[in-house]
Structure formats: structure tokens, C-alpha cells
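Open the model in your viewer and keep the selection panel at hand. The tour goes stop by stop.

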Amino acid sequence: MQVGSDEIVIGIDSSTQSAKAVAVDVATGAVLGQGRATHTVSGGGARESDPREWWRALGEAVAGTGYAERAAAVSVGGQQHGLVTLDTSGEPVRPALLWNDVRSAPQAAALVAELGRDTWAQRAGSVPGASFTAAKWAWLRENEPEAAARTAAVRLPHDFLTERLTGTAATDRGDASGTGWWTPEGYDLELLARLGLDAGMLPTVVEAGKAAGEVLAGSGTGLRPGTLVASGTGDNMAAALGLGLAPGRPVLSLGTSGTVYAVTRGRPADPSGTVCGFADALDHWLPLACTLNCTLAVDRTAALLGLDRQAVEPGGTAVVLPYFDGERTPDLPYASGLIHGLRHDTTGGQLLQAAYDGAAYSLLAALEQVLDAGGEQIDPGTELLLIGGGAQGTAWQDTVRRLSGRPVRIPAAGELVALGAAAQAAALLTGERADEVARRWGTSDGRLLEPLQRDDAALERIADTLQRSGNLFDQPVI
């Protein structure tokens, strides 16, 4: 391993609502500069963004670090699952369909019904839901056939940005594993034929630790032409790299979506669909459960109640299932928010706490399934790494400790997706594995919060309400 004393890399996180970039010293892991730029997401039933907005935001974020011209390598972590369709000139055919656009729920159900849950789990590693790229492509073919016919290339968000940087159509195994058409042996040609896709429309999967290419002249990003560009990966895979995760260490991420995952040595294949059997960005696996409704749903509840998001109160019998955007875990794409168990003495603060509980419940319920799916067994007292924007809030911290009964560690490092991308970029220069780079940087170090006694009564109330909700969640609200 050779680490230059003045080498700098830039890691990029192109997320649902913004692009963030960090300039990092390869030798020490010190964050030298940061940049951020927002982009727009459509409202209503659709969740779409113009990929050209991502590119603009990426350039602004990279420039904002103040180190664009000095970077020796760069990498992009991007929101998973999004469907980017390009024409023969490489321009978007239409706005990208994002991961949290659930209009493709009927197409996902049809794909599962046709091949069966066991077949999908064994071949693709996951049972596709509305979030998966395969379902979104099926939706496009059915609802906008002219747009599908004009599509010459299909990309994920991070693929699109990497290609804009390098001119090379490249992806990685981690992000590709969330499409529904990737297997450890490569793209599943039979599944692609069923979906009406040709493998030639897809990017090449770059081997971990290899470069996707070099920054083109005239990129407009401020990066020097010839700067190395790593393969990049999906946001969850990048966050796992950013933490330097070793197998079996569980993570709970609280952001726009909520996720719980762990790196595992075994390949997951969960036919129930609760656990997505993703690959990680290296040579292991990343079983993951994801909820659509997390911090934004709780913040919306606080706004409806006219309360600060931290103004929770203990007690009460209310249950809130904050499924404002449908739900992915549990698989309820047509669900809406539900409040049950109100009494005359129920307070607004208790309702807000119930919203926190409802948002955290599904993630914690899936934790053991995530570990089991990858063949990892851990002690009930093993600490949870808590990351994401919500991890800094006392109400979230206490909710996770109270419902899990586990100690919680809050890594001091921020912008973990961008930091993981930076570790990928650094690995190109040093020859290390990207997770080894992050461990050398000490990215998972942080404050440890002792466990609280597990609130079994609250867990039982939520489980009972969810079970009895029945057909309330089976159809869209009219």
C-alpha cells in the first residue's frame, strides 16, 4: 500500500433531493471541504427528477468542496433503483422514475405472479417490489410505450452520472443487484427478454477496485481531465463502505427512507420479499430491508400536530402507522397513514411518539431477518450503528433504543454515502480494499448510547394494529 501524503479524492452522494460532495485526504481521512446543491422531485402520485438536474447539482457540489482541481480520483454513490432512459444521443427520454415512485406496484405484482417468489429470490436475490428498476421499466412499457421505444440505453442514477464524467457506460455489482435483472453470473438474459430489454442497452459491470474511466475534458465539473473515476455504487452500498463494515455488524439508517442492513458472507435469498438480497460494492452481500416512510413521515406528523419534531411524550395507547407514501416494508404499496387507539386523554406529544414508533417498528422487526438471510448470527446485545439525518435527533435515538433493547452507536463521521464513494476513489490510488480504507480512517467511531429496557407493550400494540388493519391497506384511498 502506498499512500501519498497530499493525495485528495472526492466522493459524491447523488441522493433523492440533493448532491453532496466531500474532498478527503487519502492518508488521514480528514474531510477538507464539502459542497452541496439541491435538485427537484415532482410531487403528487409521481416521484420523478430530470437527470440533467443531477448533473448540474453534481458539478456545483464538487466545485463547492474547493478541491476539484486537486482531486486525484472521484467516485459517485447514487440513489438506488431509479430508472434513467436515454435516447441514441445519450439524452434523457423523459424524467427519471425514482425509487419511491410506487406507480409500478401492479407491474411488480405481475412479475412476481408470473415467475413466483422463490424463482425471483433465487435468481435475482430479491422479490421485486414497486421500487425495483425492473418494475419501473415494465410500467414504462405499459404506460408510455413511445418513450420505451425511443430508449436506447437504461441506466441507474449513479450510472448516468459516471457516464457523464467518463463517457463510459459503467456500473457496479452493488447497484446493479437492485435492478431485478442482475445475478452473480451477470445479467440474466432470460429475465431481460421477458422485460423486453437487450443486454446491450445496459452498462458494463466494473470489477470492484477497478476504474470506470477518466474524467473527460470539458466536463464542466472543475475536475481535471484524466482524473480517475471509480465504478461508483448505490447509496446503501456506499454507506456500508463509508462505515468500513465487517460482516455481521448491523446498521439502521434514518433518512428519507429507513433501512436496516448488514454486510454478510452468505448470499441472501428471501422469498417473503422482506429482505432484499443485494450485493455489496466489493465481494460480499448486503441484505437490506427498506421502508419508504421514515424521517419525512415523522416530520409531517409533527407539522400536522403543530409540534417541534422533538416534542414527544411517553405513555398513551395510540398507534400511528405513518404510511403516507404507501409502504415497502411491509409490502403495502397502496397503504395510507393510519391512527388507532385514540382516547380523550391522548396528547399530541404521545401521538408524535407513536409516529416515531410506527416508523421504526418495521425496520427493527426486519433486523433478525436481514441477519438470518445472510447467514449471520449476532448476540441480542450487539450494538446498532445508527446513521442518517435522524440519527442526530434525541427522539429517534431513544425510540430505537427503547424498541430494540440494544445499545446504539452514533458514528461521528457525516455524509457516509459520499465518504464511502471517497473510499472507493482512494482505493484506486492505494490498492487497498475500499472498506479497509474506511476502517483506516476510523469512520465508524462515535458516541455509544446504553440500551433501554425494550418496550414490548408498544411493539405488541403496533403488531396487533398492523395485523388487524386488513383490507384498509389493500387498495388505494379513493
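Buried means under 20% relative accessible area, exposed over 50% and partly exposed in between, with a 1.4 Å probe and protein chains only. Helices (H or I, at least four residues) and strands (E, at least two) are DSSP runs, numbered from the N terminus. This is a predicted model: local features need pLDDT of at least 70, side-chain atom pairs count only at pLDDT 80 or more, and totals for chains, interfaces and linings use all residues. Residues are numbered from 1 along each chain as its sequence is written, and side-chain values use heavy atoms, with hydrogens and water left out.

Select residues 394–404, helix α12. Nine of its eleven residues are buried, so the helix is mostly covered by the cut-off above. The buried ones are Ala-395, Trp-396, Gln-397, Thr-399, Val-400, Arg-401, Arg-402, Leu-403 and Ser-404.

Now show the seven strands in the order β18-β19-β17-β16-β22-β23-β24. They form an open sheet with mixed pairing; two strands pair if DSSP finds at least two bridges between them. At the edges are β18 (276–279) and β24 (446–449), each pairing on one side only. From one strand to the next, the twist averages 25 degrees.

Zoom in on β22 (residues 384–387) and β23 (residues 408–411). These strands run parallel and are joined by two bridges. Leu-385 stands opposite Arg-409 in β23. Bring α12 back: it packs on the sheet and touches β16 (251–254), β22, β23 and β24. Contact means heavy atoms within 4.5 Å. The direction of α12 makes about 155 degrees with that of β22. Axes are lines fitted to C-alpha atoms, for helices over the stretch in contact, and angles run from 0 to 180 degrees between N-to-C directions.

**A helix pair.** Select α1 (residues 51–64) and α6 (residues 157–166). They pack at about 60 degrees, with axes 10 Å apart. α1 and α6 are therefore oblique to each other: angles under 35 degrees count as roughly parallel, over 145 as roughly antiparallel, 65 to 115 as roughly perpendicular and the rest as oblique. Show the contact side chains: Pro-51, Arg-52, Trp-54, Trp-55 and Leu-58 of α1, with Pro-157, Phe-160, Leu-161, Arg-164 and Leu-165 of α6.

**Last stop.** Select Ser-231, in the loop between β14 (228–230) and β15 (233–234). Is Ser-231 buried or exposed? Ser-231 counts as buried, because its relative accessibility is 4%. Leaving out residues up to four places away in sequence, Ser-231 touches His-158, Thr-162, Thr-171, Asp-172, Val-206, Lys-210, Ala-212 and Gln-424.
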